[in-house]
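Keep the sequence and the structure in view as you read.

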Amino acid sequence: VQLVESGGGLVQAGGSLRLSCAARGSIFSINTMGWYRQAPGKQRELVATITSGGSTHYADSVKGRFTISRDNAKNTVYLQMNSLKPEDTAVYYCNVEALLRYWGQGTQVTVSS
């Protein structure tokens with residue numbers, strides 16, 4: 001199983017980015033999909049999660065600015081990030097929970113002030 005992330009990059013404050021993460025390979029019974037991030041010198045933190053039923057959870061710091069969604073037919077999870085702030089700068093990791101837990105390789109998001 002491989003999680004393929006895309007969509008990171010450099011953006012100015014106030015801008016938007018959309019991250020994608022596709023689970024490839026033999027993966028069954030995907031439950032929760034989510035995004036985490038890790039800034040330099042900080043611990044990895046939860047950004048947002050979405051269950052197979054569509055229930056979502058967001059970190060307080062991104063509520064109202066980020067939207068998580070998923071396409072179950074494509075085993076893909078998305079993170080639409082709007083009104084980005086410099087403090088959103090981090091490596092963003094995709095996470096998929098099935099019978100096992102899988103992590104993506106990470107994609108860099110840099111927000112300039």
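Strands (E, at least two residues) and helices (H or I, at least four) are DSSP runs, numbered from the N terminus. This is a predicted model, where local features need pLDDT of at least 70, side-chain atom pairs count only at pLDDT 80 or more, and totals for chains, interfaces and linings use all residues. Residues are numbered from 1 along each chain as its sequence is written, and side-chain values use heavy atoms, with hydrogens and water left out.

Q: Does threonine 49 count as buried or exposed?
A: Buried means under 20% relative accessible area, exposed over 50%, and partly exposed in between (1.4 Å probe, protein chains only). Threonine 49 has 14% relative accessibility, so this residue counts as buried.

Q: What does threonine 89 count as, at 21% relative accessibility?
A: Threonine 89 lies in the loop between S8 and S9. Its relative accessibility is 21%, so threonine 89 counts as partly exposed.

Q: Which backbone nitrogen does the side chain of threonine 89 reach at 2.9 Å?
A: A polar contact is a pair of N or O atoms within 3.5 Å; within protein, one must be able to donate a hydrogen and the other to accept it, and residues adjacent in sequence count only if both atoms are side-chain atoms. A polar atom of the threonine 89 side chain lies 2.9 Å from the backbone oxygen of proline 86. The nitrogen reached at 2.9 Å belongs to valine 111.

Q: How many bridges join S3 to S8?
A: S3 and S8 run antiparallel. In this pair, serine 20 stands opposite tyrosine 78 in S8. The bridges joining S3 to S8 number six.

Q: Which residues touch the most other members of the largest nonpolar core?
A: A nonpolar core is a set of buried Ala, Val, Leu, Ile, Met, Phe, Trp, Tyr and Cys residues joined through side-chain atoms within 4.5 Å. In soluble globular proteins, nonpolar side chains tend to be buried together. This core has 30 residues, and those touching the most other members are Trp35, Leu79, Met81 and Tyr92.

Definitions and conventions
Two strands pair if DSSP finds at least two bridges between them.
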